[in-house]
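Hi there,

Here is the structure I promised to pass on. Have a look at it first, and my notes follow below.

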Amino acid sequence: MAKLKPLYDIVYKIMMVICKLLLIADIVVVSMTVAGRYVPFIPDPAWTEEITLTLMSYMAVLSAAMAIRRNAHIRMTSLDPYLPKMLIKVLDVVADIAVLILAVIMIVIGWQYATGIGAKGFYPSVPWLSKMYMYLPIPIAGIAMLVFEIEALYRDVMKLTGKEVQ
């Protein structure tokens, strides 16, 4: 797994750049909306709200997947001082397995929704744009979660066996 760390680092950096670009696009679209409402010669397109929400959904799920890598998710740790250290390590592995299962469900069901319901609908204010793009963040985030959770599972299994990894 140490040999794959550079690959994980690259994937993480690419996802960070994607999230930054999505944020910039979101800011531009929202700024255009606000300016269009208050400045008479700037148009206020009807599509800005739906596009803003779609961009935000991509950022939310991708950044949540990225938090797995940094181990930055909210955790229930108030009982940790009272539990045996080995039990905590086992529970970390169990949690990793649960997140892996969730990632697979997100990939499968999310893809079914994106290609099923999403492919049949269109944004009302942007009739040429399929609603598939509204559902697509779920399987994409599932793939990212799966990739980063495999690394986290490996790290936690190594802790469980007494071989700490960074």
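A patch, as I use the word here, is made of residues with over 30% relative accessible area and no salt bridge, with like charges joined within 9 Å and nonpolar side chains (Val, Leu, Ile, Met, Phe, Trp, Tyr) within 5 Å. A salt bridge is a side-chain nitrogen of Lys or Arg within 4 Å of a carboxyl oxygen of Asp or Glu. Accessible areas come from the Shrake-Rupley method with a 1.4 Å probe, and for residues only the protein chains shown count as cover.

Please keep in mind that this is a predicted model, where local features need pLDDT of at least 70 and side-chain atom pairs count only at pLDDT 80 or more, while totals for chains, interfaces and linings use all residues. Residues are numbered from 1 along each chain as its sequence is written, and side-chain values use heavy atoms, with hydrogens and water left out.

**The surface patch**

Ile 97, Ile 101, Val 104, Ile 105, Val 108, Ile 109, Tyr 113 and Ile 117 make up a nonpolar patch on the surface, and together they have about 690 Å² of accessible area. Helix α3 (residues 85-115) supplies its largest share, seven residues; helices (H or I, at least four residues) are DSSP runs, numbered from the N terminus. Ile 117 sits in helix α4 (residues 117-120). Ile 117 counts as partly exposed because its relative accessibility is 47% (buried is under 20%, exposed over 50%, partly exposed in between). Ile 105, in helix α3, is partly exposed too, with a relative accessible area of 47%. Its C-alpha is 17 Å from that of Val 94, 11 residues away in sequence.

**Helix α1 and its cover**

Helix α1 (residues 5-38) has 34 residues and spans 49 Å from first C-alpha to last, close to the expected 50 Å (1.5 Å times one less than the number of residues). Its buried residues are Tyr 8, Tyr 12, Met 15, Cys 19, Leu 22, Asp 26, Val 29, Thr 33 and Gly 36. In an α-helix there are 3.6 residues a turn, so residues three or four places apart point the same way. The cover over these buried residues of α1 includes α2 (48-70) and α6 (137-160).

Thr 48 belongs to helix α2 and counts as buried, at 3% relative accessibility. Leaving out residues up to four places away in sequence, Thr 48 touches Val 29, Met 32 and Thr 33 (contact means heavy atoms within 4.5 Å). A polar atom of the Thr 48 side chain also lies 3.3 Å from the backbone oxygen of Pro 45.

Best wishes

How values were computed
Helices (H or I, at least four residues) and strands (E, at least two) are DSSP runs, numbered from the N terminus. Buried means under 20% relative accessible area, exposed over 50%, partly exposed in between (1.4 Å probe, protein chains only). A polar contact is a pair of N or O atoms within 3.5 Å; within protein, one must be able to donate a hydrogen and the other to accept it, and residues adjacent in sequence count only if both atoms are side-chain atoms.
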